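I opened this notebook to record what I looked up on the contact between domains and on salt bridges. The entries follow the order in which I consulted the structure.

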Amino acid sequence: MDAEITLRVDGATHQLTLDSRTTLLDALRERLGVTSPKKGCDHGQCGACTVLVGGRRILSCLSLAVAQNGNEVTTAAGLAPDGELHPVQRAFLEHDGFQCGYCTPGQICSAVGALDEVKQGWPSHATPAVSERPPLTRAEIAERMSGNLCRCAAYDGIVSAIEEAAG
Ligand code: FES
Ligand code: FES
């Protein structure tokens, strides 16, 4: 069954008619030509397709586009709307947080979402005391970023970049 939806992506509004079974990732890449989110595994295991919806990170391969009707979707490209890099993007450059770059847009969206979760005081499995604000240790960052795989193994630079971006 087809559905008519509106998606706001990186500040632009799009009206779409699509099969209601279309994932957000396929709607972005195949219908809108928004190629910043990457298709790695297509079933929720690699994090390459991570985008932000209303500021929260989600795996776009696991979300139906119809479920995001009317929502604000931000991709890694949308974090630098006028060519001005987001602090997380700058830190990835400074710390060699990527090699081939395939996982990088997802890593960057996930890092932005993770830093916001820390700011909100949300604990993770690595947080020592859930009653206190999570300290941004390397273990804390690694735990929060564990859903984003990098086959080039740029993990050390990625964690350093996130540490720096956190300030
Ligand atoms: S493509 Fe979505 S998690 Fe791998
Ligand atoms: S930089 Fe190549 S997969 Fe991460």
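Entry 1. For these notes I take a salt bridge to be a side-chain nitrogen of Lys or Arg within 4 Å of a carboxyl oxygen of Asp or Glu. By this rule I find two salt bridges across the interface of domain 1 and domain 2. I note that the model is predicted.

Entry 2. I looked up the domain bounds. The domain assignment places domain 1 at 2-74 and domain 2 at 87-166. Taken over C-alpha atoms, the centres of domain 1 and domain 2 are 22 Å apart.

Entry 3. I then examined how the two domains meet. I count 15 residues of domain 1 in contact with 17 residues of domain 2. Between them the domains bury about 1,200 Å², and 50% of this area is on carbon and sulfur atoms.

Entry 4. I turned to the polar pairs. Eight residue pairs, both residues at pLDDT 80 or more, are in polar contact across the interface of domain 1 and domain 2. On the side of domain 1 that touches domain 2, β3 (50-53) and β4 (56-59) each supply at least two residues. The largest share of that side, three residues, is from β3. By class, I list four nonpolar, seven polar and four charged residues on this side of domain 1.

Entry 5. I looked up individual salt bridges; the count by this rule comes to 10. R56 pairs with D116, with the closest N and O atoms 2.7 Å apart. E117 and R57 also form a salt bridge, at 2.9 Å from N to O. This pair links distant parts of the chain, with E117 in helix α3 (residues 104-119) and R57 in strand β4, 60 residues apart. I find E117 buried, at a relative accessible area of 11%, whereas R57 is partly exposed at 22%. A network of salt bridges links R57, E117, E140 and R144.

Entry 6. I followed R138, which forms a salt bridge with D156, the closest N and O atoms lying 2.9 Å apart. R138 lies in helix α4 (residues 138-144) and D156 in helix α5 (residues 155-166), so the pair ties together parts that are 18 residues apart in sequence. R138 is partly exposed at 32% relative accessibility, and D156 is exposed, with a relative accessible area of 56%.

Entry 7. Which residue of helix α5 is linked to R138 across 25 residues? I find that E163 forms a salt bridge with R138, with 2.8 Å between the closest N and O atoms. E163 is in helix α5 and R138 in helix α4, 25 residues apart. At 31% relative accessibility, E163 is partly exposed.

Note on methods:
Residues are numbered from 1 along each chain as its sequence is written. Chains are lettered from A and ligands numbered from 1 in the order in which they are written. This is a predicted model: local features need pLDDT of at least 70, side-chain atom pairs count only at pLDDT 80 or more; totals for chains, interfaces and linings use all residues. Side-chain values use heavy atoms; hydrogens and water are left out. Domain bounds come from an automatic or database domain assignment. Contact means heavy atoms within 4.5 Å. Buried area is the accessible area (1.4 Å probe) that two parts lose on being put together, summed over both. A polar contact is a pair of N or O atoms within 3.5 Å; within protein, one must be able to donate a hydrogen and the other to accept it, and residues adjacent in sequence count only if both atoms are side-chain atoms. Helices (H or I, at least four residues) and strands (E, at least two) are DSSP runs, numbered from the N terminus. Ala, Val, Leu, Ile, Met, Phe, Trp, Tyr, Cys and Pro count as nonpolar, Asp, Glu, Lys and Arg as charged, and the others, Gly among them, as polar. Buried means under 20% relative accessible area, exposed over 50%, partly exposed in between (1.4 Å probe, protein chains only).
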